[in-house]
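Please keep the structure in view while reading.

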Amino acid sequence: MKTIKIFAFVLLAGLVSAFTYKNMDAATGYKVGDIATDFSLKNIDNKKVSLKDFKDAKGYIVIFTCNHCPYAQAYEDRIIALDKKYKKQGYPVIAINPNNPEKQKDDSFDLMKVRAKEKAFTFPYLLDEGQKIYPQYGATKTPHVYILQKTSKGNQVKYIGAIDDNYGDEKAVKQKYVENAVDALLKNKEVAVKETKAIGCSIKA
């Protein structure tokens with residue numbers, strides 16, 4: 001009986017700990033409506049890139065992604081399509097690899113260059129060296145999207161979450177969350193779905 005009580009206590013403590021950790025993790029990043037600070041990260045061409053470099057941008061589609069994750073790979077063509085569609089309308093894709101290469105060797109800077117060339121990325125692919133930027137945003141998965149809109153106060157977060165509702169089958173997608181959000185912003189309308197659950201691999205810090 002004593003053993004059962006001890007087991008129940010340990011189980012309860014674990015559940016409380018997991019719940020608390022989840023809440024703490026969510027509380028540390030940006031929320032919709034927050035102003036996102038700029039960054040300066042190394043691109044695959046070895047040059048530093050900041051949001052302020054995009055003078056004509058109306059906003060940004062910031063996507064935390066990587067090389068190795070099957071979810072990220074499944075979305076690569078869709079990310080390229082998003083950039084091609086919205087960059088000319090003022091919302092370029094800015095991709096950031098948040099993973100620590102020491103923990104995941106397939107996400108090294110050199111292999112980022114290889115992947116970008118293989119897939120013909122049309123957007124910056126930046127390395128979050130030291131893993132300093134993704135915690136500011138609160139990203140937990142690859143891919144994890146943050147849509148920012150330029151305002152008089154700064155780059156305001158307008159959407160957080162997934163690219164769409166079906167990572168496995170693009171033809172079966174019913175809700176294109178990122179496209180819907182950017183389309184609304186371009187029309188000066190409120191984003192209907194402001195937050196969704198990002199589906200992907202955990203960030204390797």
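In this predicted model, helix α3 spans residues 109-119, and its buried residues are Phe109, Met112 and Ala116. These residues lie on the same side of α3, because they cover an arc of only 45° around the axis. On the face of α3 turned away from the buried side, the exposed residues are Asp110, Lys117 and Glu118. Just after the helix, Ala120 adopts a positive phi of about 55°.

What, then, covers the buried residues of α3? The cover includes strands β2 (41-43), β5 (93-97) and β6 (125-127). These strands belong to an open sheet of eight strands with mixed pairing, arranged in the order β1-β9-β8-β4-β5-β6-β2-β3. Its edges are formed by β1 (35-36) and β3 (48-49), each of which pairs on one side only. Helix α3 packs on this sheet, touching β2, β5 and β6, and its direction makes about 170° with that of β6.

At one end of the strand order, β2 and β3 are paired in the antiparallel sense over two bridges. Leu41 has Val49 of β3 as its bridge partner.

The pairing of β4 with β8 is antiparallel and extends over six bridges; here Gly59 stands opposite Gln149 in β8. Strands β8 and β9 are likewise antiparallel, with seven bridges between them, and Val145 has Gly161 of β9 as its bridge partner. These two strands, β8 and β9, form a hairpin with two residues between them.

The chain as a whole comprises five helices and ten strands. Of its 205 residues, 44% count as buried. Among contacts with a separation of 6 or more, 75% join residues 24 or more positions apart. The chain exposes about 11400 Å², of which carbon and sulfur atoms supply 55%.

How values were computed. Residues are numbered from 1 along each chain as its sequence is written. This is a predicted model: local features need pLDDT of at least 70, side-chain atom pairs count only at pLDDT 80 or more; totals for chains, interfaces and linings use all residues. Side-chain values use heavy atoms; hydrogens and water are left out. Helices (H or I, at least four residues) and strands (E, at least two) are DSSP runs, numbered from the N terminus. Buried means under 20% relative accessible area, exposed over 50%, partly exposed in between (1.4 Å probe, protein chains only). Contact means heavy atoms within 4.5 Å. Accessible areas come from the Shrake-Rupley method with a 1.4 Å probe; for residues, only the protein chains shown count as cover. The arc is that of the directions from the helix axis to the C-beta atoms. Two strands pair if DSSP finds at least two bridges between them. Axes are lines fitted to C-alpha atoms, for helices over the stretch in contact, and angles run from 0 to 180 degrees between N-to-C directions.
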